[in-house]
Amino acid sequence: MLVEQRTYTTHPGKAREYLALYEAEGLAIQQRILGRMVGYYRTELGELNQVVHLWAYTTLLERQERRAALLDNSQFKLYVQKMLPLLVRQESQILTPAPFFSVTWQPLSTTAITHQELQEKQHAL
């Protein structure tokens, strides 16, 4: 198991606009394609104007395939065109569990889904 932590820094005063746009246009697409949202947060202290989201994957290959399907999605491409002007910076980190941590979520499937399978499922919806 691994978790991708994506941190987006918005222009000052644009975090609320980013969150509203994400909820209206990005959330459903990402949940459908990426599958396992662990959390979605905004900063209150420390560096402000940041949004942090966490996505769980069984392997780096699964992450790669799901991210590729997301980036190929026409609705997501339209969302990104609206979202990118709100951002100053994007960061991505891959987190792996400490040896004493046990996974509390169930895998979506026993094997990583292929990019083609994701596209077929997406077109069927």
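Q: Which residue in β3 does Glu4 stand opposite?
A: In this predicted model, Glu4 stands opposite Trp55, which belongs to β3.

Q: And how do strands β1 and β3 pair, and over how many bridges?
A: Strand β1, made of residues 2–10, and strand β3, made of residues 50–57, pair in the antiparallel sense, and the pairing runs over eight bridges.

Q: OK, so what order do the strands take in the sheet?
A: The sheet is open and has four strands in the order β2-β3-β1-β4, with antiparallel pairing. Because β2 (37–42) and β4 (87–95) each have a single partner strand, they stand at the edges, and one side of each is left without a neighbour in the sheet. From one strand to the next, the twist averages 10°.

Q: Which strands does helix α1 lie across?
A: Helix α1, residues 15–34, lies across β1, β2, β3 and β4, and it runs at about 5° to β3. Helix α2, residues 60–72, also packs on the sheet, where it touches β1, β3 and β4, and its direction makes about 45° with that of β1.

Q: Switching to α3, which residues are buried there?
A: In α3, which spans residues 74–83, the buried residues are Phe76, Tyr79, Val80 and Met83. They cover an arc of only 100° around the axis, so they lie on the same side of α3.

Q: What about the other side of α3, which residues are exposed?
A: Ser74, Leu78 and Gln81 are exposed on that other side.

Q: And what covers the buried residues of α3?
A: The cover includes β1, α1, α2 and β4.

Q: Last one: what does Asn73 reach at the start of α3?
A: A side-chain oxygen of Asn73 reaches to within 2.9 Å of the backbone nitrogen of Gln75.

Conventions: Residues numbered from 1 in each chain as written. Predicted model: local features only at pLDDT ≥ 70, side-chain atom pairs only at ≥ 80, totals over all residues. Heavy atoms only, no water. Pairing = 2+ DSSP bridges. Helix = DSSP H or I, 4+ residues; strand = E, 2+ residues; numbered from the N terminus. Axes fitted to C-alpha atoms, helices over the stretch in contact; angles between N-to-C directions. Contact = heavy atoms within 4.5 Å. Buried < 20%, exposed > 50% of the residue type's maximum accessible area, 1.4 Å probe, protein only. Arc of directions from axis to C-beta. Polar contact = N/O pair within 3.5 Å; in protein donor to acceptor, adjacent residues only side chain to side chain.
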